[in-house]
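Thanks for passing this one along.

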Amino acid sequence: MEPILQARNLVKRYGRVVALDHCDFDLMPGEILAVIGDNGAGKSTLIKAISGAVIPDDGHIRLEGEKVSFRSPIEAREAGIETVYQTLAMSPALSIADNMFMGRELRKPGIMGQVFRQLDRAAMEKFARDKLNELGLLTIQNIRQPVETLSGGQRQGVAVARAAAFGSKVVILDEPTAALGVKESRKVLELILDVRARGIPIILISHNMPHVFEVADRIHVHRLGRRLCVINPADYSMSDAVAFMTGAKEPPHIDQAA
Amino acid sequence: MSDASGRGSDYEQAAAGAQKTVAQFDDHERGWVGYIQHLLHTTPALVPLIVLMISITVFGILLGTRFFSPFALTLILQQVAIVGIVASAQTLVILTAGIDLSVGAIAVLSSVIMGQFTFRYGLPVELAILCGLACGTAIGALNGFLVAFMKLPPFIVTLGMWQIVLAANFLYSANETIRSQDIEATAPLLQFLGTTFKIGADADGRGGATFTFAVVFMVLLVVLLTYILRHTAWGRHVYAVGDDPDAAELSGVNVKGTLVSVYAVAGLICAFAGWAMIGRIGSVSPTSGQLLNIESITAVVIGGISLFGGRGSILGALFGALIVGVFTLGLRLMNADAQWTYLLIGVLIIGAVAVDQWIRKVAA
């Protein structure tokens, strides 16, 4: 099986610090790939390189076999890679529907849209409602509600729904459960599984080992700026994963990367 | 870590019985205070509207028909027209979490250019007006460029621009006023926005509702900007940029482009205010419009627009300007010391910001 997203030999230096040291990366269609690594291992640089927020000094990225080089997150997004940032990137005072369509608004057809640039609010609200419903974010009373009136889990839900709605090829989730309580984390994990069930592969960056082991199909262990190994969560324990991550244990020799 | 491995997530067992829906958007119980808070949160122009209605009613009761007449009420509109126009520009900038201290200077320089280009260089008056409008837009765009691309704080940029533009205005005009009679004789178009028309006046032409074209322009501008801010993508981007520029950028909004266009549009609106100023005072004077900065910011703040950006509406700024106008005229008709006006406006400013802070606490 061909990886949907593949990176080879990525290098990124910040001055004398090497954040990515000839790093490889593979994401298979329809899977949840967790990326774990100690602080400073370079996993966020890796993710930024894939999502277009950082331009690698060397190496290349292929999306569905096609070579791509993103210069901004917008370009990655246009190619079908959606990222849910840890900060969620939402405007608190604007409504759920406004936020879902921020930067890709729909205009009314005909003269109202073309000449007067009027937004098609009804269509955007319907779309937003449908997408939230699809992901089980039910019982939305008011899609015009400002995002700041939602709880942390609800906001995360809207952000994931936005990514799932527009991310046609890959969805990247950066620490989606870090700021949430136990109960809300659970709901977000279910949401992640829902997104996978719809056939969209997910890259999940997380520090939370129980969450990683629960939802991930494969785990990419990042260490010292490169991929140390890729493990199957069924074959290893969480303490093994932490040991690989910190260098306390030798990685397995058989690479299960692809 | 080791004893947790293999068994998955025991500690989450407690959450197993929890609701299965991921996020419910039900309105939780809130009292009438919460209801009002929510209402104000969604319609921030409501507070200044209520204050405006109350102040008109109070002055109407106190002064009777001297105040509560079409003539007096439309006089207020005429008096606030220029501040209202400039406050619209100020609102756009403040919505992006900026501030524009150069609005007054831009208005004056634009009016001086309109006048001098006509009289010094003999340009057709239409062309001179276009040059004035273009100059205002260009200064605004320069403000925007310095804010968006040089990453300088808007306060500093426009503080500097205020001095630069004002000095340029005095240097260029040589502190020379173009007299009203000359304008009337050769270029009446410069005074166009000051033209009055009456509705419902008596046979002698007294009383009745009196409007200037500047008032009409102000109302049309407010309607147009309200539409743009509410119903176009650019309008939503203005709010998003003011709310959280990083989030807007990551969501795919062209933050820099939006900022430059906002300051440029503000400059253009100020240039129109400069044109309206010629109509109001008759002459082209490089010393006019000195108070526009502070008056426009006052109107915007009383109008419930948050200085932190992302909240408020143009309509609020119009109400804010009208409140100031009502107080000014009402207290003058009562023969009160003009200082009472300033005192009450000061109270309103602090009150408006307090209400804004309270509304911001709405988050669940």
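1. Let's start with a helix pair. Helix H6 (residues 152-166) of chain A packs with H7(A) at an angle of about 10°, their axes being 9 Å apart. Helices (H or I, at least four residues) and strands (E, at least two) are DSSP runs numbered from the N terminus. Axes are lines fitted to C-alpha atoms, for helices over the stretch in contact, and angles between N-to-C directions run from 0 to 180 degrees. H6(A) and H7(A) are therefore roughly parallel to each other, a label for angles under 35 degrees.

2. A word on the source: this is a predicted model, in which local features need pLDDT of at least 70 and side-chain atom pairs count only at pLDDT 80 or more, while totals for chains, interfaces and linings use all residues. Residues are numbered from 1 along each chain as its sequence is written, chains are lettered from A and ligands numbered from 1 in the order in which they are written, and side-chain values use heavy atoms, with hydrogens and water left out.

3. Which residues meet between H6(A) and H7(A)? On the H6(A) side they include A:Gly152, A:Gly153, A:Val160 and A:Ala164, and their counterparts in H7(A) are A:Glu184, A:Val188, A:Leu191 and A:Val195. Contact here means heavy atoms within 4.5 Å.

4. Next, a sheet. Six strands of chain A form an open sheet in the order S6-S7-S8-S3-S9-S10, with mixed pairing; two strands pair if DSSP finds at least two bridges between them.

5. Helix H9 (residues 238-246) of chain A lies across S3, S9 (218-223) and S10 of chain A, running at about 30° to S9(A).

6. Within the sheet, S6(A) and S7 (residues 170-174) of chain A pair in the parallel sense over four bridges. A:Glu82 has A:Val171 in S7(A) as its bridge partner.

7. Chain A also has an open sheet of four strands, ordered S2-S1-S4-S5, with antiparallel pairing. S2 (17-27) and S5 (66-68) of chain A each have a single partner strand, so one side of each is left without a neighbour in the sheet.

Methods. Parallel < 35°, antiparallel > 145°, perpendicular 65-115°, else oblique.
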